[in-house]
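User: Could you take me through this structure, one topic at a time?
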2 protein chains.
Amino acid sequence: MRPRKRVLPPESVYPVDDWAVVERKFTTEFVAQNETIFALANGFIGMRGNFSEGRPVFESGTFVNGFHETWPIVYGEDAYGFARTGQTMLNVPDGKVIRLFVDDEPFFLPTASLRTFERRLNMKEGTLDREVLWETPAGKRVSIKSRRLVSFEHRHLAAIEYEVTVLNADAPVAVISQLQMPVDEPEHDSDPRKARGFEETPLVLRLQRSRDARAVLGLQARRSGMTLGCGADHTIETVCPIRQKATCGEDGAELVLTVLASRGAPIRVTKYLTYHSSRGAPPEDLADRCERTLDRAAESGFQPLLDSQRAYMDDFWHRCDVQLDSTERRTQQYVRFNLFHILQATARAEGAGVGARGLTGQTYEGHYFWDAETYVLPFLIYTNPRIARNLLKFRYSQLDKARERALEVNTKGALFPWRTITGEEASAFFPAGTAQYHINADIMHALKRYVDTTGDEEFLHKYGAEMLVETARLWEDLGGWPPGNDEEFHIHGVTGPDEYTAIVNDNAFTNLMARHNLRYAVQTVEMLRDQHPDKYAALQRETGLDPAEVERWRRAAERMYIPYDEERGIHPQDDHFLEKEMWDFERTPADKYPLLLHYHPLTLYRHQVIKQADVVLAMFMLGNEFSLEQKKRNFEYYDPLTTGDSSLSACIQSIIAAEIGDLRKAFRYAFDAALMDLADLGGNVKDGAHIASMGGTWMAAVYGFAGMRDYDGRLRFNPVPLSKVQLDRLGFRLQVRGQTLRVVLEGDKATYMLESGNELKITHCDKEVVLLEGQAVTVASQDG
Amino acid sequence: MRPRKRVLPPESVYPVDDWAVVERKFTTEFVAQNETIFALANGFIGMRGNFSEGRPVFESGTFVNGFHETWPIVYGEDAYGFARTGQTMLNVPDGKVIRLFVDDEPFFLPTASLRTFERRLNMKEGTLDREVLWETPAGKRVSIKSRRLVSFEHRHLAAIEYEVTVLNADAPVAVISQLQMPVDEPEHDSDPRKARGFEETPLVLRLQRSRDARAVLGLQARRSGMTLGCGADHTIETVCPIRQKATCGEDGAELVLTVLASRGAPIRVTKYLTYHSSRGAPPEDLADRCERTLDRAAESGFQPLLDSQRAYMDDFWHRCDVQLDSTERRTQQYVRFNLFHILQATARAEGAGVGARGLTGQTYEGHYFWDAETYVLPFLIYTNPRIARNLLKFRYSQLDKARERALEVNTKGALFPWRTITGEEASAFFPAGTAQYHINADIMHALKRYVDTTGDEEFLHKYGAEMLVETARLWEDLGGWPPGNDEEFHIHGVTGPDEYTAIVNDNAFTNLMARHNLRYAVQTVEMLRDQHPDKYAALQRETGLDPAEVERWRRAAERMYIPYDEERGIHPQDDHFLEKEMWDFERTPADKYPLLLHYHPLTLYRHQVIKQADVVLAMFMLGNEFSLEQKKRNFEYYDPLTTGDSSLSACIQSIIAAEIGDLRKAFRYAFDAALMDLADLGGNVKDGAHIASMGGTWMAAVYGFAGMRDYDGRLRFNPVPLSKVQLDRLGFRLQVRGQTLRVVLEGDKATYMLESGNELKITHCDKEVVLLEGQAVTVASQDG
């Protein structure tokens with residue numbers, strides 16, 4: 001078993017605060033990781049938590065979801081069917097920069113004499129607030145207060161209020177507000193998971209406009225052709241005499257404001273920022289859109305933005321909060337921090353996906369993986385079904401690309417790309433990319449959970465059925481019947497979720513998920529045929545569906561081979577996993593983790609060592625396919641082999657540990673998931689937030705501690721004894737088919753209340769509970 | 001089974017000629033492939049068969065073995081332990097170019113009115129000869145005769161004699177002789193097996209000297225730092241008045257010769273070319289070496305070069321020729337063409353290796369693979385043991401790099417690179433590169449064959465033992481004992497020779513070869529310990545050898561798991577090969593071959609389909625590990641699955657077909673091997689000659705038709721009935737421990753004669769035959 005990394009309690013860094021993450025002291029040590037922790041985003045625009053002053057900086061980051069450059073993937077050794085189109089989410093012009101000079105002295109945090117310093121990720125209001133009291137070398141005391149927000153209400157808008165007051169003297173003050181073209185950053189380290197550079201600056205300035213305190217830029221990515229408009233406008237409030245000058249150049253735009261500040265008189269600069277992107281519209285059009293957004297924002301002012309942000313957050317927390325009372329007082333903060341970042345990664349994605357790091361960094365080139373469906377969608381389905389729908393619709397929009405990809409890899413149907421922005425496969429290492437065919441089934445699993453939970457049959461009819469047909473086709477063609485054996489359907493040569501093993505036969509997770517995919521396709525097609533003949537006819541037209549193939553899917557599902565070791569009573573991760581040598585954990589020093597940075601893939605592949613939960617994940621997603629005893633034995637076998645080198649692992653390990661009653665591990669892994677970023681467990685939070693683990697934190701609370709399961713849309717709860725996971729109370733709300741269910745676990749009681757809706761039948765510890773609107777039902781949280 | 005490609009009889013292209021390949025008609029259709037067919041080389045310098053005129057040209061090629069540029073391999077997705085150093089054999093300045101103008105009209109083959117044209121690869125004399133009679137637009141008849149050679153005797157020297165005579169008139173004649181810097185050629189097609197380009201011209205001109213009719217250049221490769229000197233000198237013989245001018249520039253050097261030619265008076269230009277390369281010497285030093293080579297050459301003249309070349313060839317053919325009488329009259333030509341090109345690829349390699357295409361093209365970047373040991377060394381061991389020794393010594397020189405590589409991939413011992421020039425792994429796709437660990441055992445197998453056949457024990461003591469220790473260490477560490485089973489030693493996660501399957505468990509070829517490697521290591525270490533204690537002590541010092549590890553090697557070899565399917569009585573290619581779906585050959589159109597250009601690796605990996613002989617190759621290399629019945633069953637199982645998409649396949653299929661008595665296939669596959677290039681069976685001869693298949697052609701004759709086997713150095717012959725493979729007579733010589741054995745099969749008789757040496761015991765059809773010097777023993781070629 002991997003030696004356990006000691007989780008540093010982040011209290012010394014981030015003090016206890018249920019509604020905020022607060023930095024009380026500036027230190028260069030945390031500059032990099034706090035750029036991620038304090039990032040703001042609304043699912044469309046993302047801004048890393050860079051300082052207004054532009055420096056010190058680890059990686060300056062401003063992103064627009066889906067705005068990317070492409071590049072031809074170069075292979076040292078090429079082969080047929082390799083992915084061709086590299087895709088990278090681009091850094092866009094940075095509007096966060098507001099530099100300050102007092103007496104011509106620059107304000108620079110590392111050298112400034114700071115009387116007070118506080119930076120606050122204000123999760124209740126959806127803002128990033130900073131208050132600094134700076135004493136200049138000349139002894140002038142300068143108060144600098146700022147609030148930054150990326151609006152949830154106004155998708156294309158961000159704003160910063162920046163207020164400077166020289167408290168004890170008059171002084172000339174200069175404020176330089178910029179909209180800065182991105183600078184190519186040097187690579188910081190050689191972690192192969194990080195983004196690669198471009199030969200040329202990928203972003204070309206096509207248009208510049210400036211007028212008064214406003215500048216608007218039009219840009220285009222060289223190769224993808226995508227266009228971007230962005231702009232900044234300013235309002236200045238002060239009683240002091242000012243001069244201002246706006247300029248535009250190759251480096252971007254800036255407004256220089258010089259003020260003869262009088263003692264105690266505040267200078268307040270409000271900066272409005274807007275971003276619009278497009279695959280086709282000319283930069284001029286986008287610039288016009290920017291002007292309109294800025295017109296509206298400047299006209300209504302900053303306070304209404306704050307108000308709408310607060311209203312959005314109130315609604316979010318009402319629906320989505322997970323309330324915890326714990327002897328460990330910081331738990332509430334950890335959980336809210338995770339939920340807040342999921343919101344930021346997804347809220348206004350609308351036509352785009354959710355990157356592995358959301359909009360907080362460029363790791364993995366900003367690509368969308370299976371994480372979104374597998375780790376983030378469960379939270380969204382139960383709390384924000386509209387956002388969940390948008391994300392599934394986005395996958396549907398890439399179905400044609402998935403059809404093309406299936407052709408490229410010589411299969412029927414559709415194969416969704418392992419990693420992508422555009423819908424084209426962007427994985428340049430197919431054994432851990434394209435070979436992860438399971439992504440097809442992951443998306444269909446999320447589709448089923450969405451439809452079952454929301455009751456959105458229309459989505460299933462209109463989009464889901466077509467995806468089901470094409471994904472089922474892939475499975476039928478990919479798998480097959482071994483020579484001389486038409487009793488067992490096998491799937492060879494695939495990679496499961498665990499990337500420390502590749503290109504194996506009959507990966508248990510893949511086969512189970514493929515069966516689920518095939519069954520759901522059969523069930524959906526038959527339902528349409530029997531109940532909606534017109535939609536069935538349309539589906540046939542759209543896909544050329546042949547009833548004979550549906551029979552083949554049924555048979556493949558019925559005969560799907562699931563590896564099982566009778567002797568040990570466990571499911572081998574793949575058909576030959578148990579034959580491999582054991583990894584020598586004893587002789588693997590702690591500094592050799594994550595293993596992928598120290599061992600050749602071939603070394604990992606030939607050992608029993610696991611990057612992330614694989615069979616254990618299957619036991620969560622398709623738990624009804626396993627007996628409890630199997631779950632125990634599988635967990636006990638695989639958990640010691642699991643390094644958790646992937647941030648996707650801990651939350652799942654926690655959920656299954658909870659189910660089998662290993663509450664010590666359930667707690668520990670949940671804690672790991674919740675603290676993945678705040679305690680920087682992976683050592684790479686500086687590169688971006690681990691959005692999947694954040695979704696996993698919610699799952700660990702709801703599926704793990706509250707023991708919820710939702711096979712076929714029916715909710716079942718089997719809460720763990722709260723005290724064993726160091727909790728006094730756990731409460732959350734779920735949206736189920738338009739109804740709102742409130743669940744509160746407290747001590748040894750569970751209370752279920754249908755806050756809105758007519759009637760909801762749930763199962764608590766194997767007993768049915770019927771809930772009517774407004775009624776609370778309290779039961780013993782544990783059976784017997 | 002793959003639909004068989006019809007072999008075009010090349011007679012229409014190359015008429016019957018036992019000692020030459022002749023082109024009687026110029027046609028643009030064959031320009032590309034004839035650049036390979038008519039290539040000249042001596043194992044150090046290589047020159048494609050480009051026309052003197054420089055045009056028309058497919059790929060101009062002049063190479064110096066081992067002279068390469070390096071480049072950082074870029075990965076779209078990188079990981080620990082991936083190969084870092086791309087290496088490419090460079091095109092060097094081209095001295096073949098001699099342009100001709102008569103009446104200021106350029107001589108250009110495609111448009112010239114040619115009264116006669118003949119180009120001849122003169123294999124008896126080791127030259128490329130051309131005779132042309134050109135009628136200019138003005139009706140002047142110009143005879144152009146040239147002979148080109150790359151000297152076997154003088155490693156650094158090539159020469160061209162070029163003679164022009166205006167037969168029926170006086171005319172101004174200009175001859176421009178160049179030493180031309182390489183021009184970056186555009187890529188001709190997108191075959192992923194082809195070389196990649198550089199960002200910058202890799203070769204930098206460092207020095208230019210010119211004097212009289214001589215020019216010398218000094219060059220350096222930008223990144224590898226390797227240096228090159230090259231030079232050209234000319235002598236001119238004519239009675240006509242001449243003017244000459246030598247110049248040097250960025251494009252290289254040229255000599256412009258203008259002649260007022262009188263009717264019937266020949267103008268003879270002799271051009272001497274030299275190349276010297278180094279890893280460290282400054283270009284100035286190399287230029288000096290060039291001057292000395294040119295001094296000597298120009299002083300002695302062209303005829304002595306021709307004479308020494310002829311003497312070398314006489315000796316070569318005496319030792320190496322395979323004489324065939326066949327109803328198919330062209331057979332002799334096919335075989336000699338193959339042998340001649342092996343000589344050209346290897347003769348003076350000396351400190352370098354043998355690239356997959358020799359020195360005839362840049363495919364595979366000029367890298368050295370396992371081909372050299374597995375396909376080329378058998379011929380050399382039996383005919384040119386000194387060259388064989390040089391090549392094995394070259395591998396030894398890269399042992400330290402192999403030790404470093406083993407560390408990089410987390411194993412003990414040494415791992416030879418799958419492809420390389422420098423000794424560093426250059427394979428950018430590890431599933432078909434580094435995963436082919438079998439290269440270690442391939443080299444050790446060649447070592448054993450070399451030592452057994454030559455009796456060169458000193459080589460074993462001095463170099464072989466150390467390689468054996470380090471390669472055995474790798475196997476012991478790579479393989480292991482499955483959990484709970486210490487009776488079977490398994491090797492997981494490797495790729496065998498067949499690249500249509502990758503990263504498998506217990507590849508039969510690999511396990512058999514690893515066992516052979518381990519056993520040979522144990523045997524050698526014990527022999528040294530018992531018989532040469534001083535050498536054993538030295539080996540211990542050099543390698544830190546521990547007697548306990550030798551015991552572990554012995555045990556690993558004893559318990560090596562060899563997959564075997566009892567039911568079918570065959571050896572599965574790997575432990576799970578037989579579980580895979582069958583490839584649908586019926587529905588694979590002929591234009592989809594080679595499959596690797598039309599199917600994704602994952603598609604190939606999950607089917608029973610074979611690029612090249614794998615188990616069948618094991619049955620050749622370690623034939624004493626199989627019963628004849630097993631061989632038959634294995635061959636019958638695998639042969640229909642084998643596409644032969646690799647040129648390494650046919651010769652091996654032929655040998656085993658011969659052994660099991662399938663003589664129709666033995667003949668057909670031998671024919672495929674022999675005609676691989678002359679009939680362009682792979683469709684890519686334009687990119688270079690398939691040297692391994694050429695070695696395989698010799699093997700098909702000697703091991704296949706003559707049924708030779710040499711397990712443990714003892715020669716056994718089991719000739720096939722010659723008439724069944726369309727032969728009347730087959731004769732060849734073998735060098736065995738310093739003795740010369742002549743073997744002649746004729747009709748139903750076999751004659752063995754020890755032409756030099758004392759005594760040699762061989763086995764013919766399971767009966768011992770004792771040969772004494774000068775005695776011929778004739779026996780019935782078939783048993784019973």
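Analyst: Let us begin with a term: contact means heavy atoms within 4.5 Å. This is a predicted model, in which local features need pLDDT of at least 70, side-chain atom pairs count only at pLDDT 80 or more, and totals for chains, interfaces and linings use all residues. Residues are numbered from 1 along each chain as its sequence is written, chains are lettered from A and ligands numbered from 1 in the order in which they are written, and side-chain values use heavy atoms, leaving out hydrogens and water.

User: Which residues does A:Cys290 touch, not counting those up to four places away in sequence?
Analyst: A:Cys290 touches A:Val216, A:Gly229, A:Cys230, A:Gly231, A:Thr274 and A:His276.

User: Is A:Cys290 buried or exposed?
Analyst: A:Cys290 counts as buried because its relative accessibility is 0%; buried means under 20% relative accessible area, exposed over 50%, and partly exposed in between (1.4 Å probe, protein chains only).

User: And where is A:Cys290 found?
Analyst: A:Cys290 is found in helix H2 (residues 283-300) of chain A. Helices (H or I, at least four residues) and strands (E, at least two) are DSSP runs, numbered from the N terminus.

User: How far is the C-alpha atom of A:Cys290 from that of A:His156?
Analyst: These C-alpha atoms are separated by 8.4 Å, although the two residues are 134 residues apart along the chain.

User: Changing topic, how many residues of H18(A) are buried?
Analyst: In H18(A), 15 of the 15 residues are buried, so the helix is largely enclosed by the rest of the structure.

User: What comes just after H18(A)?
Analyst: Just after H18(A), A:Gly707 takes a positive phi of about 65°.
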